[in-house]
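Let's take a friendly walk through a protein model together. Have the sequence and the 3D view ready, and follow along one stop at a time.

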Amino acid sequence: MDNLQLWQRYQDWLYYHPGLELYLDVSRVRFDNAFVETLAPKFDRAFRALEALEKGAIANPDEQRMVGHYWLRAPELAPNDQLRAEITEPLLQIKDFVRKIHAGEIKPPDREKFTTILSVGIGGSALGPQFVAEALAPDVPPMEIHFIDNTDPAGIDRVLEHLDLATTLVIITSKSGGTPETRNGMLEVRHAYEKQGLDFPKHAVAVTMPGSKMDEYARDWLTRFPMQDWVGGRTSELSAVGLLPASLQGIDIDAMLAGAREMDIATRVHDLKTNPSALLALAWYYEGNGKGEKDMVILPYKDSLYLFSRYLQQLVMESLGKEKDLDGNTVYQGIAVYGNKGSTDQHAYVQQLREGVPNFFATFIEVLEDRRGESIDVEPGATSGDFLSGLLQGTRQALYENHRDSITITIPEVTPRHVGALIALYERAVSIYASLVNINAYHQPGVEAGKKAAASVLDLQRQIVGILQESGNPLDLNALAAKAGASDRVEAIYKIVRHLDANHRGVKVEGDFGKPDTLQISAR
């Protein structure tokens, strides 16, 4: 196409939301009208499925659960009064708690106020709050936030070393209370408080499901905030999981909810060209041939949005990465997501995007407002923001000229309202796309399989340590495996004893580490 044809295609396929001043441009995705017509029946089914989901249909058949994260910003749509109360009451509880924390009515022992937040969680309990904190926290927030989002001991130590625990409010977020990484982080933090002679429960709050292990464990803490059974981790940012830490940082959570609500309304439209989430799903389907054959590269051209790609990694990949479809067929669905930010990526991997393997499509996130206040000219007639805008447009053009497609989303500024809208836009695009390819977007059997495998390794570790403590002589790996009844797991045993030896954890390994079969293992 020449430039005039591309300009006409841009106008034909441009979506604009006047209330949010949000633009969605899919014109640089090369589908044609005939392709769109072939998908019309699939979109009709997807629209009906999303409508049924919002009315309370069982959308997660594996777990026999409703999926209701859309109700979080429109509680009046929830199917009954009990569900509506599960939304409105925690929101009031959050606002009351945050007011008391900021006013010093709830305070740590022997201190005037809590000044810092330490959030302990993993996956959806961390990625959403981290993204929102980076995007929206004021330059001088009423409380700064830090995260422990892994079970890495050195990483935990690094975070704790920067905190005054005496004035730190700890938020432990775990739906079930059984997630090992979050439990480990909680125990590590509790130990750090006890080492300093501080009373951990007087600094701690829990965000968890009523009746969970964490709910029971946290009965003597400052308070507990409920998570809903019908909200999954990767769609929990607009529940207490994300709203509590955001509000403590001084972020307008009502505006976030309002933006998501506006986007939800826009994406309920049963018309492809005027439904922005459906347009995204169309572009994803076309680019990956309905099979995820291309990766999704997220390129936000704004520093405050650089964690958006990490947030979307979980939302998209955990939702769409499935081996089986809803009929039990093996389909191996999914879309890989990666990205950082523009124009940093101009000097990182855009070279490969332009000229390397064409196994991706890009999504540019454009923010029209450069900064609050005036900008200087860095060249005659050009500001730093002009360069950023020019680099985005230039990269989009350079990719398209070399047969690399892209989507562009434009917002006027990064505000709570627009971040809420972006979250809803992608949540609903994921739901629509999942319907197009006939998969369950709301379960994660692969994650559960990984947890079970990890638990099996730890069970084997306890068994190995017991055998070594009982044995009076060193054992080689094969002998150790035989005694454990695990001759088929020699490699796992080797890695277990190597790790324990490196950390002086009661196991001693001697010999040539380059020849594992020669090693002698004993109790230290």
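**A guided walk through the model**

H403 sits in the loop between α14 (384-401) and β15 (406-411). Keep in mind as you look that this is a predicted model. The phi angle of H403 is near 65°, a positive value in a residue other than glycine. As a rule, most residues other than glycine have a negative phi, and most peptide bonds are trans. Is H403 buried or exposed? With a relative accessible area of 58%, H403 is exposed, because residues over 50% are counted that way.

E21 also has a positive phi, about 55°, although E21 is not a glycine. Look for E21 in the loop between β1 (15-17) and β2 (22-25). Its relative accessible area is 41%, so E21 is partly exposed. While we are visiting loops, find S343, which lies between β13 (337-339) and α13 (350-355). The peptide bond leading from G342 to S343 is cis, with omega near 5°.

Now let's turn to the core. In soluble globular proteins, nonpolar side chains tend to be buried together. Here the largest nonpolar core has 97 residues. Which residues have the most contacts inside this core? They are F43, F131, L244, W284 and Y426. Helix α15 (residues 416-436) gives the most to the core, with 13 residues.

Setting aside residues up to four places away in sequence, L244 touches I94, F97, V98, I171, V205, V207 and F225.

Next, see how helices pack against each other. Helix α4 (residues 81-103) and α9 have axes 9 Å apart, at an angle of about 25°. Because of that angle, α4 counts as roughly parallel to α9. On the α4 side, the contact is made by L91, I94, F97, V98, I101 and H102, and on the α9 side by A240, L243, L244, S247 and L248. Sorted by class, the contact of α4 with α9 has nine nonpolar, two polar and no charged residues. The crossing of these two helices is right-handed.

Helix α9 (residues 240-248) also meets helix α5 (residues 124-136), where the axes come within 9 Å and cross at roughly 40°. This crossing of α5 and α9 is right-handed. G124, S125, P129 and V132 in α5 meet V241, G242, P245 and A246 in α9. The contact of α5 with α9 holds five nonpolar, three polar and no charged residues.

What about helix α3 (residues 40-54) and α15? Their axes are 8 Å apart, and the packing angle is about 125°. That angle makes α3 oblique to α15. From α3, the residues in contact are K42, F43, R45, A46, F47, A49, L50 and E54, and they meet R428, S431, I432, S435 and L436 in α15. How many charged residues does this contact have? There are four charged residues, along with seven nonpolar and two polar ones.

Finally, compare two more spots. S119 belongs to strand β5 (residues 116-120), and S119 is buried because its relative accessible area is 3%. Apart from neighbours within four places in sequence, S119 is in contact with S125, I145, H146, F147, I148 and I171. E188, in helix α7 (residues 180-195), has 33% relative accessibility and so counts as partly exposed. From E188 to G385 there are 197 residues in sequence and 44 Å in space, C-alpha to C-alpha.

Technical notes: Residues are numbered from 1 along each chain as its sequence is written. This is a predicted model: local features need pLDDT of at least 70, side-chain atom pairs count only at pLDDT 80 or more; totals for chains, interfaces and linings use all residues. Side-chain values use heavy atoms; hydrogens and water are left out. Axes are lines fitted to C-alpha atoms, for helices over the stretch in contact, and angles run from 0 to 180 degrees between N-to-C directions. Helices (H or I, at least four residues) and strands (E, at least two) are DSSP runs, numbered from the N terminus. A crossing is left-handed if the near helix is turned anticlockwise from the far one by less than a right angle, and right-handed if clockwise. Contact means heavy atoms within 4.5 Å. Ala, Val, Leu, Ile, Met, Phe, Trp, Tyr, Cys and Pro count as nonpolar, Asp, Glu, Lys and Arg as charged, and the others, Gly among them, as polar. A nonpolar core is a set of buried Ala, Val, Leu, Ile, Met, Phe, Trp, Tyr and Cys residues joined through side-chain atoms within 4.5 Å. Buried means under 20% relative accessible area, exposed over 50%, partly exposed in between (1.4 Å probe, protein chains only). Angles under 35 degrees count as roughly parallel, over 145 as roughly antiparallel, 65 to 115 as roughly perpendicular and the rest as oblique.
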